[in-house]
Amino acid sequence: MRKKIFSLLTIIALLVCTINVQALADGEEIKLIKSNDVGLRYTYITVASTTLSINSSGTATTSSYVTASSSIDKVILSSFLQKQSSSGWTTIKSWSKTCNSTSGGMSNTINVSEGSYRVITYFYAYDGSNCESTNRIAYDTH
């Protein structure tokens, strides 16, 4: 009987510890996402942002921008405009730009039909042979 009680208390203690650690980890991740400060998590990339805006006429405009530390040789931005369907997301247009500097940006427009859209932009910062990358996603509906 003592072994059963001891085993039960040990299991409860482990569950409580696991739940508390998971809650703390989730809270920290949410804090990082809400701060939108990429510099806290990356060595080279200091700012990375992307936006998607679709007006009432169906003109979709994407804008993306990246800034990196002074040791960077070049930055690359690659954006993919996707439309949502019943089977998932389908890329309808993509753009890419290489900038031989520590920052770069691009804006693009395209006419779209009614539906839900997102733009995923991948950012790459190169320091010689070292590369750091991240991505951002923005959504809009027409």
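Colleague: Which residue in strand 4 is the bridge partner of Leu 77?

Modeller: Lys 97 is the bridge partner of Leu 77. Before we go on, note that this is a predicted model: local features need pLDDT of at least 70, side-chain atom pairs count only at pLDDT 80 or more, and totals for chains, interfaces and linings use all residues. Residues are numbered from 1 along each chain as its sequence is written, and side-chain values use heavy atoms, with hydrogens and water left out.

Colleague: What makes strand 3 and strand 4 a pair?

Modeller: Two strands pair if DSSP finds at least two bridges between them. Strand 3 and strand 4 (residues 88-99) share 11 bridges, so they pass that test. Their pairing is antiparallel, and a hairpin links strand 3 to strand 4 through two residues.

Colleague: How do you know how many helices and strands the chain has?

Modeller: They are DSSP runs, numbered from the N terminus: a helix is H or I over at least four residues, a strand is E over at least two. The chain comes out with one helix and seven strands, in the order α-β-β-β-β-β-β-β from the N terminus on.

Colleague: What is the strand order in the open sheet of three strands?

Modeller: The order is 1-2-5, with antiparallel pairing. Strand 1 and strand 5 (103-111) are the edge strands, each pairing on one side only. Neighbouring strands of this sheet are turned by 5° against each other on average, direction ignored; each axis is a line fitted to C-alpha atoms (for helices, over the stretch in contact), and angles run from 0 to 180 degrees between N-to-C directions. Strand 2 (residues 59-68) pairs with strand 5 in the antiparallel sense over nine bridges, and Ala 60 stands opposite Ile 110 of strand 5.

Colleague: Why is Ile 45 called buried?

Modeller: Buried means under 20% relative accessible area, exposed means over 50%, and partly exposed lies in between (1.4 Å probe, protein chains only). Ile 45 has 0% relative accessibility, so it counts as buried. This residue is found in strand 1 (residues 45-54). Over the chain of 142 residues, 28% are buried.

Colleague: And why does Gln 82 count as buried?

Modeller: Its relative accessibility is 10%, so Gln 82 counts as buried. Gln 82 lies in strand 3.

Colleague: What makes the link between the side chains of Gln 82 and Arg 118 a polar contact?

Modeller: A polar contact is a pair of N or O atoms within 3.5 Å; within protein, one must be able to donate a hydrogen and the other to accept it, and residues adjacent in sequence count only if both atoms are side-chain atoms. The side chains of Gln 82 and Arg 118 make such a contact at 2.6 Å. Gln 82 makes another with the side chain of Thr 91, at 3.1 Å.

Colleague: Why is Ser 78 described as buried?

Modeller: Its relative accessible area is 12%, so Ser 78 is buried. Ser 78 has its place in strand 3, and a polar contact of 3.2 Å joins its side chain to that of Ser 96. Contact in general means heavy atoms within 4.5 Å. Leaving out residues up to four places away in sequence, Ser 78 touches several others, including Trp 95, Met 106 and Tyr 124.

Colleague: How many disulfides are there?

Modeller: A disulfide is a pair of cysteine sulfur atoms within 2.5 Å, and by this rule the count is zero. As for individual cysteines, Cys 99 is buried because its relative accessible area is 10%, whereas Cys 131, at 40%, counts as partly exposed.
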